[in-house]
Amino acid sequence: QMRWKMKRSDLKPRSQIPSLGSYRASEKQTMVLQLDLRLHIVTWNVATAEPPDDVSSLLHLNSPKSADLYIIGLQEVNTGPLRIMLDSVFDDPWSHRFMTSLAPWQYIKVASIRMQGLLLLVFSKLKHVPFVRDIQATYTRTGIFRYWGNKGGLSVRLSFYGHTVCFLNCHLAAHMQFASERVDEFEYITDMQTFDCKKTPKVMDHRLVFWFGDLNFRIQDHGMHFVRSCISSQNYNLLWSKDQLNMMKDKEDTLRQFEEGPLDFQPTYKFDLNSDSYDSRLYKTWFGFNSKKRKPAWTDRILWRLRPKDDVKKAKQMEEDEEYPLKIRQDLYTSNMEYCISDHKPVISVFTLELKKMYETPLVRLQPEGDWSADIDAMVVYSPLQPFRSSTWDWIGLYKVGFTAVLDYITYTWVKDDEVAFNEELNQIYMDKEGIPVQGGECVLCYFSSHLNCIIGISEPFKV
């Protein structure tokens, strides 16, 4: 039996509330367990630049096929003292630009993490939000004796329709001679990062891992003239064998497990600012000497790893993988030459995930009851549809339609329950009229789970 603690004692009698069966009967839709989902991943070293006014082409917003998830990894975001102070109060300019660009297309930011100049953002199509669960994020520093965060890695892990996925955005050591150090840093990051999750405590435990960022691997041995000649003639394949990441994959088992599409686009580093020309400037070094121009390289990369079957440690996990298959296909791997604000060009990869859902319904169903206005306290009717761990820190938020992020609520109320068990009864809770907007508008209600760190139920839009 469940004990529901309401904010008020004058709740409606149960007889006046429609039964859960009436909601379910109204749905009557075929359950589709097999699903093709589209992931759009961007990595970009922005070299402390401010975001451009238009990021539509970066996100392919005008494409006939829309993405289900956007994952955006940035490096060298501005970390000046004034910028850090402003970003501690407001959303940083890059996050704000992506949030405002994606909100009209019904995407919300479900996760973000920043470590100095590194930033990782995850956006979901609104209809998928209740199925993006158990979100956790962490970071690892590797700069200056592993105490400074100018280099390192950021991770966001989550469960997507029950399939565990981890996104790892890295900025590794620079310069030609440090290829081995870059591998060491990657292994240090994946070893050090842990999550509060029994099935997937480490990055490499996840069923699917995406690794991307400014990995800083260079083109070895070939001279400047040969490299630029291959780029001019678009004979990129002549450079692949001397790409340091490809070379290190032949030596390192951990790297060999990661797949990458062909590098059929020109190297994304290093460009003169505000141009499509590779490095043409002379750099002053110590004692007034000039250093060499930087050789072009594919420093910005996107790779993925689908957990091998022989890496499944438990029989139960193996059975689950077989019962709920997951396949991945890369549909696009390219750079975007349109943006010139940095000495790097952004890299984009689009994937299709073919998966079988492990669950079909949200954990909670909720809806407004009666008329909502700023004149009286409003009532929310909600019910758990599946067992889940609740806490006194769970809350229900009121959002404007087109909201940009989980914390973009108008007002909220706490759900004060010690635990939730499966129960088909509807429950009521009141929302204070003081927080309801006088001007009204189209709104939705969202139930946020503190344990899963995500929204687990969204109402249909309604008029306030």
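Is Tyr161 buried or exposed in this structure? Point 1 takes that up, and the other points walk through the rest.

1. **Tyr161 and the ground rules.** Tyr161 is buried, with a relative accessible area of 3%. Here buried means under 20% relative accessible area, exposed means over 50%, and partly exposed is in between, using a 1.4 Å probe and protein chains only. You are looking at a predicted model, in which local features need pLDDT of at least 70, side-chain atom pairs count only at pLDDT 80 or more, and totals for chains, interfaces and linings use all residues. Residues are numbered from 1 along each chain as its sequence is written, and side-chain values use heavy atoms, with hydrogens and water left out.

2. Most residues other than glycine have a negative phi, and most peptide bonds are trans. Tyr161 has a positive phi near 55°, and it sits in the loop between β6 and β7 (163-171). Gln106 also has a positive phi, about 65°, although it is not a glycine. You will find Gln106 in the loop between α4 and β3 (107-115), where it is partly exposed with a relative accessible area of 46%. The peptide bond from Tyr269 to Lys270 is cis, with omega near 5°. Lys270 belongs to the loop between α9 (253-256) and β9 (283-284). The helix and strand labels are DSSP runs numbered from the N terminus: helices are H or I with at least four residues, strands are E with at least two.

3. **Helix α4.** Helix α4 covers residues 93-102, and eight of its 10 residues are buried, so it is largely enclosed by the rest of the structure. Among the buried ones are Trp94, Phe98, Met99 and Leu102. Asp92 caps the N-terminal end of α4, with a side-chain oxygen 3.1 Å from the backbone nitrogen of Trp94.

4. **Aromatic pairs.** The whole structure holds 27 aromatic pairs. Rings of Phe, Tyr and Trp (its six-membered ring) pair if their centres lie within 6.5 Å; planes under 30 degrees apart count as stacked, over 60 as edge-to-face and the rest as tilted. Trp44 and Tyr339 make a tilted pair, 5.4 Å centre to centre with 55° between the planes. Trp44 lies in strand β1 (residues 34-45) and Tyr339 in the loop between β12 (326-335) and β13 (347-356), so this pair ties together parts that are 295 residues apart in sequence. Both Trp44 and Tyr339 are buried.

5. Tyr399 and Tyr409 form an edge-to-face pair, 6.4 Å centre to centre with 85° between the planes. Tyr399 is buried, with a relative accessible area of 0%, whereas Tyr409 is partly exposed at 31%. Both belong to one aromatic cluster, which also includes Trp393, Trp395 and Phe448.

6. **Charges over rings.** Lys345 lies over the face of Phe271, at 4.9 Å from the ring centre. Lys356 lies over the face of Tyr324, at 5.6 Å from the ring centre. For this label, NZ of Lys or CZ of Arg must be within 6 Å of the ring centre and within 35 degrees of the ring normal.

7. **Around Asp331.** What does Asp331 meet in a salt bridge? One partner is Arg38, at 3.8 Å, N to O; a salt bridge is a side-chain nitrogen of Lys or Arg within 4 Å of a carboxyl oxygen of Asp or Glu. Arg38 lies in strand β1 and Asp331 in strand β12, so the pair ties together parts that are 293 residues apart in sequence. Asp331 also forms a salt bridge with Arg329, the closest N and O atoms being 2.8 Å apart. Salt bridges that share partners join Arg38, Arg329, Asp331 and Glu354 into one network. Thr352 is buried, with a relative accessible area of 7%, whereas Asp331 counts as partly exposed at 32%.

Note on methods. Polar contact = N/O pair within 3.5 Å; in protein donor to acceptor, adjacent residues only side chain to side chain.
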